[in-house]
Structures are given as structure tokens and as C-alpha cells.
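This note sets out several points for a first reading of the structure. Please keep the sequence and the model in view while following them.

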Amino acid sequence: MADELRQELINRHLITMAQIDQADMPAVPTEVDSYHSLFPLEPLPPPNRIQKSSNFGYITSCYKAVNSKDDLPYCLRRIHALVFAYDFHAGGETMMSRHFNDPNADAYFTKRKWGQHDGPLPRQHAGLLPESLIWAYIVQLSSALRTIHTAGLACRVMDPTKILITGKTRLRVNCVGVFDVLTFDNSQNNNPLALMAQYQQADLISLGKVVLALACNSLAGIQRENLQKAMELVTINYSSDLKNLILYLLTDQNRMRSVNDIMPMIGARFYTQLDAAQMRNDVIEEDLAKEVQNGRLFRLLAKLGTINERPERKRLSFNLFLKIFKDIFFFLHKMDYPLPGMNFLFVSLFQLDAGVPEKISLISRDEKSVLVVTYSDLKRCFENTFQELIAAANGQL
């Protein structure tokens, strides 16, 4: 497995297993319904300060928690007296924290606003994001909107603070459905889906704002007074397709727009993202296959250790075969021969696991017994002996 992927998976595991000392954070509840082991994912506001979310208008908090029913981690979003449960993606960060946490990025707009010297114009790879990354985000966000809109629903949270980034470029939209709950009015006799078309149009505008902010690498670029300067920046640094996509999403149209309308602007870039995803999938599958084999070898060694450390059982010859097989890896070293490498160990265990017909010579430690058997014979002895141990443990022998 590649070192980068291994480290990323280790970090995700450590984040998933993180716990707090309840004595240090008494404000965090120990349990919420069927969830336990709560761990805050966002800084907790001071107890004497009312801090409302800029998105929802209520006091909110976010935790990682484990469901006692399936022992899987979830993300709990508490809004007022309601708790929303979502899939937990360890190591995820918001688009806001990754791309919009540098106050100096707004300098291009703030200096122009106050008539100061403009300085050098931001360029790709020199203050601005590469266009390929922006298109990678566009493909994923438009795909998410297409799925939601096709179901007759609306996202309503297309905002940098609610878009999660995992890995390098993988996007997920968080808090979907929250506004549908918070704004639900049971007293209305109208169809609750009546305003859905309006919400879907708002989703497209929000997508346009996100793309423009990414192109400017600044949230200041989507402010009304800076829109003209922001579009000039896009025109100078990016392709006409990206410019036209932003204009289409942010400009009022005489007809109802659809997320499918931007597909011609994405064009062949969609296939670029598809190829990149498939290539990464191939790499991950290869690494997964290696880890599957590692897991099989671990179970095989654990079973061999269980068998060889047991008192002699009825099938003495079976135990003898397996004991001598285990001694292969230590006998050469004892006789001052070079210690076999890990490859020798792996190949021998793989052949045992597969039960191949290849023959192997087994020499006892005292060199008085030499047995020539096949790996298939060893596998049969191994499986029969282990089944005997299981039967004995269950009181069947």
C-alpha cells in the first residue's frame, strides 16, 4: 500500500477512535438516545454566550458519536432541540476551512474597494486555484444537485461551510434536509412541495456563488459590490466555459433552469474526472487486494499458533505435520543457514492457504524425521485439526 494512502487511513482511524475525558468537558453529554462516546467536531461555544449559526439561525453543535445498535460512528448535528444523524467521514474538512481561511486572499477586493494600490493580479497557481480542481468540484456538486433535484427535492445548503472535502478532492454535501425540517409548517394546507421548484432555482444560484468564490479564491468575490471585479478576474485567468457557467448560474433567466443545462459547459471535462476516479479506484482495489491477503495470512498464523500450542490430540500425525511446517522458519536459522526472507514466508503461507499440489520436505528439529508431503496434504491436516479444536471447545468431542 502506498505510504500516503496508509497514513491517510491511519489518521482516519485515529480520528474515528478519538474520545474525550468527560471530566475536562462536562458539557458534552455521555449519551444521546442510542448514541454514546460523543466527541465534539466543532469548538463548543462558551456556556454564557449565545452563538447562533449563520446558516440556520439556531444554536448548533456537532459531534462524532457511536451508535450502540450497530457500533458504527455517526455525525450528530444538534440544532436547538433537534438532533440530525449523518454518516461520519473521518478526516473531512469543510470547503471553508480548506480554501477560504486565509484573510490575505481578500486583499485583491479590499484594496480596490478602498482605492489602494492593486499590486500583482492573482493568477492560477499564484493565489488562485487551478482550473482543473474547480472543474472537479463542479462535476461533483452538479452531480449531487442532479440527484437531489431528480428526486423532486432541493439541497438548500450549497454553502462552503456545509461542503465537506475528504482526501484530496472528494466532496460531500452536509446537513441536507435540515431546512426542510426547520421550516416545516404543519398548519399550512398547501402542498409542502409547492415551493420546491423555487428552492431548486436557489440551489443553482448558490452553486454559482460557490464556483465564483473558488475561482476568486475569496468569499469577498461573491459580494454584490465585487461581482464585476470578480468576473473580470475569472475572464483573465480561466476559460470561457467556466465564465459562461458562472454567468448562467448567477444571471436571472426568463425560464426555469435545470442543472442539466450546464452539462454542455462541462463537456469533455466530465470524462477527465471519470477517468481520474476510475484510475484511483484501480489503485485502491490493488491495495485492498494486498490487505485482504494480509488478513488471510494473519488468520492463518493465528490458527497455526492455536493448533501448535495445544496439548497433543488424537490425530498426532496431523499435529506433527503442522509443527514441523512451523519449524521450517526457525530451523534454518538454528543451523546457521541464512534466515529466509519475508518472501519465503509469504510464499509458503500462500501455498498452504491455497492447498497447492507442490511437494515440500519437512525435517524435524532433531533431523531424525523427514516427511515429504504436499501443501494440499498440509491444508487438509490444518483444517481437520482446527475443526477438532472448535468441536472440543463446543463440547462436541
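This is a predicted model: local features need pLDDT of at least 70, side-chain atom pairs count only at pLDDT 80 or more; totals for chains, interfaces and linings use all residues.

1. The cut-off for a disulfide is 2.5 Å. The count of disulfides in the structure is zero.

2. Cys 75 is buried, because its relative accessibility is 8%. Cys 216 is buried as well, with a relative accessible area of 3%.

3. Helix H10 covers residues 269–308, which makes 40 residues. From first C-alpha to last, H10 spans 59 Å, close to the expected 58 Å. Buried residues in H10 include Asp 287, Leu 297 and Ile 307.

4. The whole structure contains ten salt bridges. One of them joins Asp 3 to Arg 6, with N and O 3.3 Å apart. Both residues belong to helix H1 and are separated by three residues, about one turn of the helix. Asp 3 is exposed at 60% relative accessible area, while Arg 6 is partly exposed at 33%.

5. Helix H1 also holds the pair Glu 8 and Arg 12, four residues apart. Their salt bridge has its closest N and O atoms 2.4 Å apart. Arg 12 is partly exposed, at 28%.

6. A further salt bridge connects Arg 156 with Asp 180, at 3.3 Å from N to O. This pair links distant parts of the chain, 24 residues apart: Arg 156 lies in the loop between helix H4 and strand S9, and Asp 180 in helix H5. Asp 180 is partly exposed, with 30% relative accessibility.

Key: Residues are numbered from 1 along each chain as its sequence is written. Side-chain values use heavy atoms; hydrogens and water are left out. Buried means under 20% relative accessible area, exposed over 50%, partly exposed in between (1.4 Å probe, protein chains only). Helices (H or I, at least four residues) and strands (E, at least two) are DSSP runs, numbered from the N terminus. The expected span of a helix is 1.5 Å times one less than its number of residues. A salt bridge is a side-chain nitrogen of Lys or Arg within 4 Å of a carboxyl oxygen of Asp or Glu.
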